[in-house]
Amino acid sequence: MIFRQKRAPVSARCEVRIINKLGLHARPAAQFVKHARFFRSEIWLVTAAGRYSASSLIDVLRANLDCGATATLEAHGVDADEAVERLEKLLDDLHKFDEP
């Protein structure tokens, strides 16, 4: 019988910059939240104004991340490293959705 090996929770963080011309408005924010909910870790966007849950569309919109804004992407859980890495890449790629 094969048992799943339990992984210990870890923490990960990275600094992200919003490069989408319109900022993290409703459509890209919804994509970001959809991807954040895929992970088992707790994920937050941290700005000077506060800490916002990445799994809540309302929280992500409340973070008010305009073009050029920076935030810290933090995660804590068993897949925190992967979550931060993939969400950072997603934020870099979101500007492509708004280009004609």
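Strand E2 (residues 42–47) and strand E4 (residues 70–77) run antiparallel and are joined by 5 bridges, where helices (H or I, at least four residues) and strands (E, at least two) are DSSP runs numbered from the N terminus, and two strands pair if DSSP finds at least two bridges between them. The model is a predicted one, in which local features need pLDDT of at least 70 and side-chain atom pairs count only at pLDDT 80 or more, while totals for chains, interfaces and linings use all residues. Residues are numbered from 1 along each chain as its sequence is written, and side-chain values use heavy atoms, with hydrogens and water left out.

Strands of a sheet pair through backbone hydrogen bonds, either parallel or antiparallel.

Taken as a whole, the sheet is open and has 4 strands in the order E1-E4-E2-E3, with antiparallel pairing. Its edge strands are E1 (10–17) and E3 (50–53), each of which pairs on one side only. On average, and with direction ignored, neighbouring strands of this sheet are turned by 25 degrees against each other; axes are lines fitted to C-alpha atoms, for helices over the stretch in contact, and angles run from 0 to 180 degrees between N-to-C directions. Because 5 of its 6 residues are buried, E2 is largely enclosed by the rest of the structure, with buried meaning under 20% relative accessible area, exposed over 50% and partly exposed in between (1.4 Å probe, protein chains only).

Helix H3 (residues 80–93) lies across E1, E2 and E4 and runs at about 10 degrees to E1. The 14 residues of H3 should span 20 Å at 1.5 Å a residue, which agrees with the 20 Å between its end C-alpha atoms; the expected span is 1.5 Å times one less than the number of residues. The buried residues in H3 are Ala80, Ala83, Val84, Leu87, Leu90 and Leu91. These residues cover an arc of only 130 degrees around the axis, and therefore lie on the same side of H3, the arc being that of the directions from the helix axis to the C-beta atoms. On the other side of H3, Glu85 and Lys89 are exposed. The cover over the buried residues of H3 includes E1, H1, E2 and E4, where contact means heavy atoms within 4.5 Å.

Helix H1 (residues 26–36) has Pro28, Ala29, Phe32, Val33 and Ala36 as buried residues. Seen down the axis of H1, they fall within an arc of 140 degrees, so they line one face of the helix. The face turned away from that buried side carries the exposed residues Arg27 and Lys34. Among the elements that cover the buried residues of H1 are E2, helix H2 (57–62), E4 and H3.

As for the cysteines, a search of the whole structure finds 0 disulfides, a disulfide being a pair of cysteine sulfur atoms within 2.5 Å. Cys14 counts as buried because its relative accessibility is 16%, whereas Cys67, with a relative accessible area of 45%, is partly exposed.
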